[in-house]
Every structure is written in structure tokens, then in C-alpha cells.
Amino acid sequence: MAEIIEPFRIKVVEPIRVTTRAERTRHLRDAGFNVFKLRAEDVLIDLLTDSGTSAMSADQWAALMRGDESYAGSRSFFRFRDTVRSLTGFEHIIPTHQGRAAERILFATVCKPGDVVPNNTHFDTTRANVEAAGARAVDLPSPTGLVPSQAHPFKGDMAVDALEALIQEVGVERIPLCMLTVTNNTGGGQPVSMANIEAVSKLCRSHGIPFYLDACRFAENAWFIKEREEGWQDVPVAEIARRMFRLADGCTMSAKKDGLTNIGGFLATNDGQLARQEENLLILTEGFPTYGGLAGRDLEAVAVGLEEVLDEDYLTYRIASVRYLGEKIAEHGVPIMQPPGGHAVYLDAAALLPHVPRHELPGQSLVAELYLQGGVRGVEVGTVMFGHTDPETGREISPRLELVRLAVPRRVYTESQIKYVIDVILEVWDRRERIGGFRFVEQEPVLRHFTASFEPLYDLG
Ligand code: F0G
């Protein structure tokens, strides 16, 4: 088969700067060994997130010039609304500046204290917004989703029997909505099957519970359905995406992912009365309902991005480049969450550094080593991000998994840059036995991973 190539050519370039190991050691030390506190220009390949980091196309840049910056009723809003409507089928489209703004407005409107919101796995801002509204966020991943080494085509599925049991346990009146995150970011960027979306939709509808998609990576999810699920091979991805949305009653969306833009998002619903309440909240903090915290030009860029992202040549390249990274390192024995996700490869830090106990933060060690070795920035998704310090013993309590996420920005890095990342990971892998742990020096009580500082417990070399 012919090589899968980047289906674009490069028109504008942005230099990235190679640094020496000595410089990187100094930068990391100055940042308290926390890669969130590095200056981005001291990073060579930045895999911290796939959010807001996409390269826009020539058409998107051209669309910016069409942006109508009228306060009310701008042409750009109608273009945006019509694109989102034709993709999702939802009647009421509310623009927001990013995904979490849509989450805040949705949960503040529908949740009351004591309510319960099920999801395959809540992303951290989604959970935080559910909890800020006084409700409880419940994750119901399928059992196969919980075992990193075990490959399964749809590890993002929700456990439908667990959803049924939850509905019986707490009662329909305490579940204001049920959500599916496609793809499941916190669960390893794993897709949800159409069969699972259908089953969750059917169960919710039989109980009268509104069913929502957290649709940030809807196009990557649709691509996996076409590739892996019986009966969808000959259906265009755009059609699969439309079908996914039509099983739901509404969605939240961060256009910073599959909208292929640097900012933007929306909230959508078919419920007119709910939309009016949401628009009132929108006006309070985001803006008038025809711009919602965005400039007219941003609305234009999202409208173009939502169409480009469903291009099958793009998706073929996109999924192949993430898979290539995952498969190449796995071939050498590097333990990863299997199979590679749509937007990221997740290294299993606990399996990679088994001699580093969890309370000595093996994921943090791996993130530091990748930066020191080659200027590659990933993010720890383990004890630092989701653990906490036991107030009595002072020991670190770890979450179930200790992962490091390498998220690949869309249309940004070339194959040789991905090959470079593979080399860096393999160099770290080769010297893994000499890598030790870290400890916290300072930490804040909430979202500590963004601001904490650390100290190595071994000689960095
Ligand atoms: N839902 C999911 C599944 C996400 O991955 C994110 C963001 C959000 C909601 C919130 O969207 O950032 O536009 O407010 N994820 C980014 C990440 C930050 O790095 O995975 P936002």
C-alpha cells in the first residue's frame, strides 16, 4: 500500500528552536520541574495538548477576513449556526468561547444539588462543572476500558448495564441528563461504538432522560466507527457523524479540537425553553447569543473547520500519524494504553518504571525525562493530576492509572518530527532503570498539577 502522507502542503512556517540538554536542565529546574511552567519557546515538540493547537487552513485564514463583527445578528453567526445545524441536526445553537463555557451554562441550568450525571468518563472540566452545580459526576466506563494493555476496538463505550442500575438506584428524577464523551479523552482517547451510542440513547429515551454528547472529538470517533464497526465501512464519515448527533438531544463542543481552530465552542439543544434559559446565562458572562464570547472571525473559522475535519484524506492521515507513534514505540516494548487513541498516545508510566513507587510519581519522572532527553513536552495524567495527599499520613494517594499523555496537535507536525519523538521515547526507554522518582515541594489544594513544583529523588545525569 502506498505511504499515507500529510494531505496538505506547508504555506507558512513557524520556527522551533533546538536546545542543548544543559539548557533544558536549567529551564526545567527554573520551572520547578513542572512542564506547565516552561516557556513554550523552550519546547521543541509540544505534545501537551491537542486543544487549541491546530494549524488552520488557507480557507480558514481567508474566512477570518469575512468575519462580520456586528454586535448583534452578524452574518458570521448565521454561517456558523447553519453549519452546526446541518452537522448536528440540533435546532438551538449557542456559541461559547470554549468547551467548558458550554459545560458551565448547561450544568448550571439543568442540575440541582443532589442530582447525578452519568458519563462514560467525565473530562476534568466537565466533572468540575457538574460538581460546581451541586450534582455528582458518575463515570461508567466499560470494563475493557480500564485495562491499559488490553486492546479492544471500542474501549470508550459506556457500561449500559451500569447505567440501567444507576437509573434504578437514584431514580429518573435525579438524573437531569446523561452524557457520552466521544472520543473518551480521560479514558485514553478511545472511541465509542455506534452500537453503544444507540444503546445509551435508547435507554435514556425510554426513561425520558435527555442524552448529550461531549462532542470535542466527534470526527475522530466517527472515523473509528467507519474503520472498526461492522456495517459502517461504506458510509461516508460525515454521514456517520450526522448519525451520531441525531441519536442525542444536545451536545457540548470544544471547537479547539475537531473544530480545527485555536478558540471556540458551542452548546446545542432541541429544547427551546432550555435554550432560552441558557441564552440568559450566556448573556451574563459570555456575550450576546449571536457571538457568545467569540469574535465574528472566530465563528467563521469554526464553520470552515467543522467541514474540513470530516475530509477523509485528513482523517486517514490524522489517525495514521497517532497510530504510527504508538505502534512504533510499542514494537520496542514500551507499555502504552492499547490501542493508540485518536488524538494521543498514552504511556503507561507505572508499567514503564515499575521500580518507582506510585507515591514517587513515575509519570512525573517520565514527563521530565522526555523533556530533558529531547525537548518533548507531554503531560502527566496520574498521581500528580488526579491523586491527593492523605492529610493524616502525608502520603500520596494515587488514582487507578499512572499515564503520560502525548497529544498530537492537528496538522502541525510532520512525519519526521513524529519519528524524532519516537527516538526520544526509545532513548528514555533504554535508560529506564537509571530513572528514579520525584517528590512535591509545593502544591495548591485544587488543580495542583498546573502550579506545583517538584524535586528529583535521583541524579538526572
Ligand atoms: N471535554 C473534553 C473531552 C475535553 O478533552 C476538553 C478539553 C473539554 C471538554 C473542555 O474544553 O478546553 O475548550 O474548555 N480538553 C483539553 C485537553 C484541555 O488537553 O484534553 P475546553
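Student: What do the numbering and the values rest on?
Tutor: Residues are numbered from 1 along each chain as its sequence is written, and side-chain values use heavy atoms, with hydrogens and water left out. Because the model is predicted, local features need pLDDT of at least 70 and side-chain atom pairs count only at pLDDT 80 or more, while totals for chains, interfaces and linings use all residues.

Student: Which residue has a polar side-chain atom 2.8 Å from a nitrogen atom of the ligand?
Tutor: A polar contact is taken as a pair of N or O atoms within 3.5 Å; within protein, one must be able to donate a hydrogen and the other to accept it, and residues adjacent in sequence count only if both atoms are side-chain atoms. A polar side-chain atom of Lys257 lies 3.0 Å from a ligand nitrogen, and a polar backbone atom of Gly99 is 2.9 Å from a ligand oxygen. The residue at 2.8 Å is Asp214.

Student: Which backbone nitrogen lies 2.9 Å from a polar atom of the side chain of Asp258?
Tutor: The Asp258 side chain also reaches the backbone nitrogen of Glu220, at 3.2 Å. The backbone nitrogen at 2.9 Å is that of Ala219.
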